[in-house]
Structures are given as C-alpha cells and as structure tokens.
Amino acid sequence: MWSAADARVGFFLEADTGPEPLGRVVTKLDRYAQLIRRSGPRYPVLFWLGSEHREEHLHRLLPGQHGDVPVATAIHTSEPAEAVWLPAGANGRVPLAELHHADPRVPVVQSSALGDRVARDQSLCR
C-alpha cells in the first residue's frame, strides 16, 4: 500500500533484476489475472526494471496480454514515488500515488477501509 493524502493505493511489485527472459516476465501476469478472477484486488502490477532498454522491450510485449491486469513500469535508477511509472499503453509517466488516475481499473482504498481491505487481500494471497 502507498499512502497519499486520504487514500492508499495498493500494488504488486515485481523487482526485475534482468536475467529472466521478458517472455517469462510477461507470463507472470497469468497469476495476477487468476487472482482478479477469484475476487482478488485489481491492484496494478508494477515492474521495476534495470534499464530503459528492458523497459521498452517489455512494453512491446504487453499489448494483448491480460488487459484485465493493470500494469506499469519504471527503472531502478528512479525514485519510486515520483512521476516515473509508465502504465501499459500510456504516453506519459505518473507518480505512484496517481496510478489510479492513469488507469480507472486501479482501486483506491480509503483510509477508513484500509484495515478490512488489507486483511481481505492477505487472505486471498495465501
């Protein structure tokens, strides 16, 4: 969960170190799609990548891959809270706390509902 103002944005982070083929990285979205179908949270999957080159290639592979799973990417050398996240299919980068503006499928968890939501999300991930 990332907090900003009165809302929290949930996400799944995939920290990519580089040796894994990008085709395999993309297939990880299968599990997130299954989680969503099982009434899990529709949090974006954030791929934290090691280079611009790898990020560009990943974005070329994403079209048509699990459109029900929100995806964004950034590079290790950047500050993760800043406007460094590039949502799949977007032309510009957004801050972590504003991913829900870039993709309306991304839920925002209000502070008052956070405890219930975190407990529910943790039970779904087991």
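Predicted model: local features only at pLDDT ≥ 70, side-chain atom pairs only at ≥ 80, totals over all residues.
Figure 1. The volume of the largest cavity is about 50 Å³. Rolling a probe the size of a water molecule over the atoms shows where empty space is left.

**Figure 2. Residues around the largest cavity.** The lining of the largest cavity consists of Pro44, Pro70, Val71, Ala72, Pro87, Leu99, Ala102, Asp103 and Val106. Sorted by class, eight of these lining residues are nonpolar and one is charged, while no polar residue takes part.

Figure 3. Two elements, strand S5 (71-75) and helix H4 (99-102), each contribute at least two residues to the lining of the largest cavity.

Figure 4. Five helices and eight strands make up the secondary structure counted in the protein. Their order along the sequence is β-β-β-α-α-β-α-β-β-β-α-β-α. Of the contacts between residues at least 6 apart in sequence, 66% link residues at least 24 apart.

**Figure 5. Burial and surface of the protein.** The protein has 126 residues, and 40% of them count as buried. Its accessible surface amounts to about 7000 Å². Carbon and sulfur atoms account for 50% of that surface.

Methods:
Residues numbered from 1 in each chain as written. Heavy atoms only, no water. 1 Å grid on protein atoms, 1.4 Å probe; cavity = no way out; pocket = protein on both sides within 12 Å on 5 of 7 lines; lining within 4 Å. Points joined across faces, edges and corners; volume = space filled by probe spheres on them. Helix = DSSP H or I, 4+ residues; strand = E, 2+ residues; numbered from the N terminus. Nonpolar A, V, L, I, M, F, W, Y, C, P; charged D, E, K, R; others polar. Buried < 20%, exposed > 50% of the residue type's maximum accessible area, 1.4 Å probe, protein only. Contact = heavy atoms within 4.5 Å. Areas by Shrake-Rupley, 256 points an atom, 1.4 Å probe, with all protein chains shown as cover.
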